[in-house]
Amino acid sequence: MDATEAEIDSLVGREVYSNNGLFVGEVEDVRLDLDREIVTGLAVGGLNRELLTGRARTASGVVVPFRWVRSVGDIVLVTEAIERLREPSEETEAEATV
């Protein structure tokens with residue numbers, strides 16, 4: 001997705017919700033691939049702690065891959081995949097025990 005500087009700047013400060021209506025957080029910054037001139041992720045802070053578990057719960061923010069973004073308007077809608085962060089995977093549990 002190509003984006004102008006104004007479009008990128010307008011993302012900062014928008015609230016992020018899952019497409020199921022759960023508040024995720026607020027866009028604090030944008031991750032860019034300068035070579036390809038595309039947005040690759042959104043740095044989200046002010047996180048909904050109830051949505052997260054484990055180490056993610058104490059994080060000050062997360063980077064949401066831009067491929068998870070479903071819509072950008074007054075708010076940013078992301079896929080329900082973000083909700084899976086509250087269900088630890090076997091891989092995450094293995095990392096926690098190392």
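This is a predicted model: local features need pLDDT of at least 70, side-chain atom pairs count only at pLDDT 80 or more; totals for chains, interfaces and linings use all residues.
I began with Leu22, which is partly exposed, with a relative accessible area of 31%. For burial I used these classes: buried means under 20% relative accessible area, exposed over 50%, and partly exposed in between, with a 1.4 Å probe and protein chains only. I placed Leu22 in the loop between strand S1 (15-18) and S2.

Residues are numbered from 1 along each chain as its sequence is written, and side-chain values use heavy atoms, with hydrogens and water left out.

**Elements.** I found three helices and six strands in the protein chain. From the N terminus on, I read their order as α-β-β-β-α-β-β-β-α. Both kinds of element are DSSP runs numbered from the N terminus: helices are H or I with at least four residues, strands are E with at least two. Of the 98 residues in the protein chain, 30% are buried.

**Strand S3.** I looked up two residues here. Gly41 has its place in strand S3 and counts as buried, at 0% relative accessibility. The C-alpha atoms of Gly41 and Arg31 are separated by 4.8 Å, with the two residues 10 apart along the chain. Val39 is also found in strand S3 and is buried as well, at 7% relative accessibility. For Val39 and Pro65, 26 residues apart along the chain, I recorded 9.0 Å between the C-alpha atoms.

**Aromatic pair.** I found one aromatic pair in the structure. Tyr17 and Phe23 form this pair, edge-to-face, at 5.4 Å centre to centre and with 70 degrees between the planes. The rule pairs rings of Phe, Tyr and Trp (its six-membered ring) if their centres lie within 6.5 Å; planes under 30 degrees apart count as stacked, over 60 as edge-to-face and the rest as tilted. Tyr17 is partly exposed at 21% relative accessible area, and Phe23 is partly exposed at 28%.

**Charges.** I counted one salt bridge (a side-chain nitrogen of Lys or Arg within 4 Å of a carboxyl oxygen of Asp or Glu). The side chains of Asp33 and Arg36 meet in it, at 3.7 Å from N to O. Arg36 counts as exposed because its relative accessibility is 55%, and exposed means over 50%.

I also noted a patch of negative charge on the surface, where Glu15, Glu26, Glu28 and Asp29 gather. Such a patch is made of residues with over 30% relative accessible area and no salt bridge, like charges being joined within 9 Å. Strand S2 (residues 23-33) gives the most to the negative patch, with three residues. Glu26 has its place in strand S2 and is partly exposed, with a relative accessible area of 36%.

**Glu37.** Glu37 lies in the loop between S2 and strand S3 (38-45) and counts as exposed at 59% relative accessibility.

Key
Patches are made of residues with over 30% relative accessible area and no salt bridge: like charges are joined within 9 Å, nonpolar side chains (Val, Leu, Ile, Met, Phe, Trp, Tyr) within 5 Å. Accessible areas come from the Shrake-Rupley method with a 1.4 Å probe; for residues, only the protein chains shown count as cover. Lys and Arg count as positive and Asp and Glu as negative; His and the chain ends are not counted. The place of a charge is taken as NZ of Lys, CZ of Arg, CG of Asp or CD of Glu.
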